[in-house]
Structure formats: structure tokens, C-alpha cells
Amino acid sequence: MTNIAIEGLSLSLGTFALDNVEVALDGGQILVVLGPNGSGKSVLLETIAGFHRPDAGRILIRGIDVTRLPPERRRVAFVVQNFGLFPHLTVEQNVRLALGPHAKDKRSGVLSPLAGDAAALLSYFGVSHLAARTPGRLSPGEKQRVALARALAANPDLFLFDEPFSALDSQTREQLRDDLLSLLRRICLPAIFVTHDHTDALTLADRVLVLRHGKTVQVGTADDVYRRPSDAFVARFSGVENILTGRTGAAQGNRLPVAVGDIVLQAVKPSSPPGAEVQVCIRAEEVRLHDARSAQDSEWRENRFTASVANIRRMGAVVRVELEGPCRLACCLLTPQLQEMRLERGSSVEVSIAAEALHLIPA
Amino acid sequence: MANRAQHGWWRSAAPSHPTTVFLLLWLLGSLLLAFVLIPLLVLAGTPSLSGLIDAARMPDVRDSILLSLEAACLSAILTALFGVPLAYVLARTRFVGRGIISAIVDLPLAVPHTVAGIALLMVFGRQGILGEPLQALAGLKFWGTLAGVVVAMMFVSAPYTVNAARVGFEGVDLQLEKIARTLGLGPWRTFWKITLPLARRGIFTGMMLTFARSISEFGAVVILVYYPKTAPVEIYELFLRVNLQQAVAAAVLLLAVSLGLFVLLRFVAHNPDLRESR
Amino acid sequence: MRVAATSSISALICVLAVLPATNAASAAEPTKLTIFAAGTLAVPFREVDALFEKKYQGVKVQPQFGGSVKMAKQITELHQDADLLAVADYSVIPKYMFAQPAHAAWYVGFARNAITFVYTDKSKGAKDINGKNWYTVLAQKGVEIGRSNPDTDPSGYQTVQMLNLANTFYNDAKIEDAVLANAPLSNVRDTETSLISALQLGQLDYLAIYRSDALQHHLKFIEMPNKIDLSDPAQSAYYQQGVAHTKNGDLKGKPIVYAITMVTGSKNADMAEKYVAFLLGPEGQAVMKKNGFGEFKPAYAVNSNAMPASLQTLVEPWPGQ
């Protein structure tokens, strides 16, 4: 049974707008709303929370239409950047403040012993020892846990996260993200997570909604968005490095040739008509480099050609290599691989790409 | 806190500014400080200790100081009661006349005090549009009463509370209010538990300024009320009736009491753990 | 080269040195005459000043008005510079200005006034009140009477003296208390401004003030018997029976005579002298009369031998002072 449903939500708010946004969530699913700044993702979240009245559409939480209800009656938890803990109250006071009339309502599973019990909540999130501290003296990880404990104290039906990690460094970000994921899995409540970082989507999402100028561009699993973007925008946004223009040829069996640059590559997408202009999306990690001398047969993929190294950019464990040849491609290697192959600028290298790695989008 | 550099006993909050710039700023600031401090010190140094004790012994002087404190206190409280909600509305909402309302709030600062007094007399006097019904219905009189003193004080000092409280509210992160709502707090509880405490500093500063300004008001008060005498009126009368020395002695007494009170209030209200959310 | 430079520099210096002098000669700075005067003299003195400036070109009169005592103290205690002091009660000058170090050596009376009650159409009992029944109307319940502060202002204590005299005049010892009951401390103010405004706004029904003010502000007033309204120097002995108990002690009634003096050490003694003569002369006196002040003739002066010679001829010694 669908737990959360957003139907045809439309709203115009100055420069921000939402246009007919629809999505549904079950049980403990996490939806990540992905989009660039100005795409309306925060507005969407705030509308679900109850801070904007939509011009059209409905919001249903557990089957109840909450579209006309004020925020305090929607049973929705809202977590923001820096977690929004009340600075003038201690951790315990923060949590207690949220213990309202619904606090003791029945909950299932892991949450039932916690209902209405501030001490139990603090203990569940491992922050009991911080009860008397003020938020100013907590680490980001501690703040996140306290924010979740407080949110749970109000006994919500839905969690909303508005880019809570955006002010943090990448290491802290990763830790907090993992922490959050395991906590959300345990709690088993639906959550909507808004971000502009596609790696958040990969880690957290059961479903992803890509938003652009208030319109839904693609809805699906993280894999769908990542590997099968519906258009060039989504592709770029989910980090596809290579988006090349090409022209399809006539399909032969389950292979479709695509002319890209000076080469014809084989794709597995017979549904595209022949002679059509397409955008070919190839993720950087799908472009394999081979040491001509030592490569095993099994390593080669269908589309093979030779290219030369135009540029090498080291980015820690990963190296980005820009290739010139029949077409310009970016690929990524692990640093040890680079060292083994002894690649440098101008080196000639063998490239192969699997047919399945080519994703075609109509131009 | 992390970006406060420590240079021995002198902590600078802006270590990025070279010392010469900071010294120049200090110099300019010191001139203003001296400008305020020197006349006050000269005034304070004028009466002898026995003169001060004599002034403190005079029941008229003591009564006038107590009346000033009492009336200024009421003025600050009543101004806060009505001014803080106005400040909140001005801080949080956008509406067409907002700029005009802000300007109106500041107007009393530009009105000459005697004129303000006469305007208040027109409204709150025996035949005034508010004075007449209030006297008939509630027996409330403003001519020659404590109420009149408070009303005159409020008129001239209200802008301070509204403006400072407004700045206080503007400094409260709207996100926190939104979060409170989602946690189940209605708009009223959110205001009481979240917004108001976080705006405390601004509100308190405003009330202090209103209180201080109220104590010193003379021109507007004296139109409505001469007896009972507030401290400024008593000091003025001492100058006329007796001599400058006595007037100055009473004035220094008033300043000493006021100073002591301000220091005490600031000390009580200052909470080092309070950090406003940004 | 060097010689040329030094000579041109010295020429420049000479020119600059001479410049202020030539400026002064050609600009002819007007003489500023500063007068501190009682508030009730504001209107007539502005007229006198205008006529005086017309007569004596090159003089700018700068008057400042306030309570008589306040203006005297601005000279004696605040050490402000003034050339002349004019007060509403002649006794203010010897009391404050003669004390050592002396700021004045003499004074001359130049106008009289009377204490009366002013009122408007809105005032309670306005239709019935007259010079005979005024004290019964004023004593009625609910009548609000305003008056000046007797501890600091001449018109304040003169009001009380007048009421005290009424007890004797009408042979009714209750008059003063009955009227003052309607003029409690809450109705006492220090400045005329608030009192007149209060009357016009209906806060007060009656206001004890000088007759000249009544005429200047176009207010109705009561014609009081001159035996009690302190207007007649001939009644000085009778007036002494009227006593006001103030914080400055018990003050006996005196006729209301405005007096003026020259402040010792004034830098414009010449002009100040001319001003006093002008005020005592026909033009000055005409202005005072026009504004509702009584004539004070002959002009009595105290310590006339300390006055400038030209002024001595205009005055007579004040009998009994």
C-alpha cells in the first residue's frame, strides 16, 4: 500500500515553481530528489512540510490528504543544513520540546518502546551522554543523531531532509551519510532527501526524482538515473563524463551501430530508429584501457579502437585520462593501473567499450 | 570562536586587519568615548561628598528619583508589551506599507519634546479624544498623574524598543521556526519557545534604551505632569529655586542610581552560553 | 632667484595680514545686544527690538525669554553673557543680581501688570463669572484652575498673594483655600506654554496669569479689584498683607512691576544704555501699553546714582526701597 503520494503538485513562488510533480513512496523507502540549484527541490520539500500552499495537486501521507493542514498537524519531520537544533536549549530540552500530543501514539517495530520517552530516544541514538550539552558544542555527527532523535520524538510519518550535509567536508559527509542510512533503515519510515550531489543519490536512494525548473525530468531507481538517464541534462547531472553526438545506422539483430566521431560503435538499443541523431552517453569507468602486450582476451569488450592519451589528471585514488582518437573520450583508472601501464601524454593505448555501456538518448 | 586570535591580553576579533588600521579605529572611537565621558566626569566631580549626602537626604530628591525609576520601568514594560509584537510583524512580514510604518515608528525621535507633550495633552487631556472616555469609564487621568508621566515617557522612547527588538527578530533563523512547526509546535508555541528566547538580546537592549530614555525625558513630561515631580523636574526646580550646586548634586545622584541599575541589569541578563543561530 | 622668492613670500604674508583688517572695516559687523527677559515680555519686547533696530542702524538685538528667576540664574550661576536683564518681579534683581559677586548695581521699573484669571467659552461658569462673584465661581466643584509654580516663578507666588489678599478684602477667610482646592499641585506648571495650551485644550477652565497675557492671547479675563490684583503701586502697603508660603520662605505681596537693569561687565554698555532709554521713552512705553501692560510713571529706580548719567535724568528714586 502506498504510504506517501504526491499528486500533480504545482506551485509558483516568485522565481521558483513546481510543475505537476508526482511521486509515490512505500513503507521505509528513501526518495532522493536530485537537481541543480533553482530546480525547486527545496520548495517541493517545504510544500510537503506545509510552508507553501500549492496551486494544484495533493499530498497524501498514510492515505490522509494533508494538503490543507498546517505544518504542526502533518506529522512530518524536517531536517535541514546544520540540522537546525535550537541553540538556546540543551540536547534533552530539544528532544522534549518535540514530545507533543502524538508522541505516545502506537508505533510499530523498533519505534514502539521509544514512543513518548525522551530518555529512551536519546539512548537509542547513542547521545544520552550529551543530554545536558547545548548544540553549539556538538560535532556534526552528534548533531545529526540529536536531530533524528528530536524528529522521532514528534512521531512523524515522513522524514524530509533538505541538503543536511551541504556545509560539511567530504569525509564527514560520507560518515554522516552512512550513519543516516543505517538509522533510517532501522526506523523504517519513508524519507525524502533533497540534494544536488549525485553521490548522495547513489548511496541513499531507493528511488530518485530528478527535478529541473520545477519539472520532473526522470523518476526511477538510482541505477536508472545513473546508467539510463532520460536526457542529456540528467546524464550530465548524474556525472556521465562522455556525452557524444552520433547517428544511428540500421539495426542488425540486437545490435545498433552508431556513428560517433570517426568511428562506428555498437550499442544494444535497437529501439532507436535508424538514421536518427542521438546523444551517446558513456560513463567514464566504462571506457576500458588495455595494455596491448599483456591484455587477456576476456578483458576486451566489443567496441575496440586505438587512441592516444591527451591529458592525465590525478584525483587521489582515481585518475582521469582524456583520450584523443576517433572521438574524444574521458575514462578513469585506478592509480596503480596507470602506473602499471606506464601511461603518459602522447602514449598510444588500446580502448574497448562494452555495447551495453552505450546509452542512447534522442538528440 | 575558532577565528579569535589571541595577542596576549588583547584579543582581536578581526586579526586580518593590520595593527595600524585597528589603532586608527580605536583612536576615533576613543575620541567619541572621551566626548561622552569627560562632561559626565566633570559633572560627577563637581559636588562634594557632603553635598551628595545632603541631596540624598532631601525627601523631594529621593521621591523624584524613585518616581522616575518607577515610571520608566512601567514605560519600558508597556512599550515592550505592544512594541515587541510590532517588531515581530515588521521583521517577518512583507506588506505594502512596511516602509511607512517603520518611518512612523521612528517619528517620535524627531518631534520636539514640548510639541510631543502638547500633542499628548490634546489626546489624553480632560477633553481629549482618549482622555475623556478613559476618565469617564475607568477613572484614568493623565494630567498630573503617574499615568501621564508614563505616557509621555513611552511616546519619546518607544522607537528604541521596536527597532532593537526588530533587529533581534531578524537575527533569528527562520528555519528554526519552520522546524519547530514541523515538530508539532503551533505558531503561538513556536513564538514563545523559539523565536522570543532567541531574540532576547535585542529585546532586552531595546527595553534598556527605552528605560534610559524615559528616565531622562523632561520636555514632554513637564507639559502633562509637574507634580508629582520626576527627577529631571526636581533637578530643574532645584536650579531655579536654590542654586546650581544643589541641582548638580541631585543630578549626580540620579546618574549614579541609573548607572548602577544599568550595570546590574546587563549583568543579570548577560548569558554567556547563549549563541544565536545563523 | 632666492631673493625673488623671499620677497614674493613676504609680500603674500603682508597681504594676508592686512586682509582681515580691511574685511572688518568694510563689513561693519553689527553690534549684538543680548537681552534676557521674562517670558511675559516676549511679545512686547520683540516689537521694541524691531523699532530699536530701525532707530539704531548696526545693532542686532538677540533676546532670550524664560522664567525671570531662570534668566537671572543663567547669568549668575551659568555665567552666560548678557547685556540686559528684564524681569516680571522687580525684587528678582536685588535678590539674585546684587549678591556678591554683583552682576548688577541698579534697576528701574518700566511697566506694571495685574494678576487675573483668564478663561475661554468652554470654561465652566464662563457665562456667569465677573469681577464680583469670581471667587464663588472658581470655588465650585469640578472647576479646574491652573497656575504657575510659586516656588520658582513670580506669577506663581503673586497668584497666591492675590488670593490671600482676597480673604482680607472680601472679609472671608475661606476664599484662598476654596479657590486653591481647585488649583492643586497637579495643576501647577512651570511654563506658560503648557498652561495656556492646557486652557485652550479644555484641560483647565481658568488660568491665573497676567492681564497682558490675556490681551496678547486674546483670552477672556476677569476685572479684579485693584486692591487685590497687585497692579497699583499706590496700594503697596495694602498688598503687604497678602502672604504666600513658599519653599523660599513667606513672601509678602508687592505690586507687579517689571524692572530692567544693565548687566555689569557687559561689552555693549553703550548700546545697552540706549536700549533702557528707549524702553523708558515714548516709543517703548507705547509698545508696552499697546500690549496690555500698565504704565509705571514716574519710572522709579533703585540705586539711581549707580546708573549711567544719561539714564539718571529719566528716573526718580524709588520711595520706600
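Which of the 2 pairs of chains that touch has the most contacts? I looked this up first, and the answer is chains B and C. I counted two residues as in contact if their C-beta atoms, placed from the backbone, lie within 7 Å.

A note on my source: this is a predicted model, where local features need pLDDT of at least 70, side-chain atom pairs count only at pLDDT 80 or more, and totals for chains, interfaces and linings use all residues. Residues are numbered from 1 along each chain as its sequence is written, and chains are lettered from A and ligands numbered from 1 in the order in which they are written.

Next I checked chains A and C: no contact joins them, and their closest C-alpha atoms lie 48 Å apart.

Then I turned to chain A. Its domain assignment (automatic or from a database) gives domain 1 (2-236) and domain 2 (240-362). I found their centres, taken over C-alpha atoms, separated by 38 Å. In chain A, 7 residues of domain 1 are in contact with 6 residues of domain 2.

Helix 7 (residues 146-170) of chain B packs against helix 10 (residues 200-216) of chain B at about 165 degrees, with axes 7 Å apart. Axes are lines fitted to C-alpha atoms over the stretch in contact, and angles run from 0 to 180 degrees between N-to-C directions. Helix 7 and helix 10 of chain B are therefore roughly antiparallel (angles over 145 degrees).

Key
Helix = DSSP H or I, 4+ residues; strand = E, 2+ residues; numbered from the N terminus. Parallel < 35°, antiparallel > 145°, perpendicular 65-115°, else oblique.
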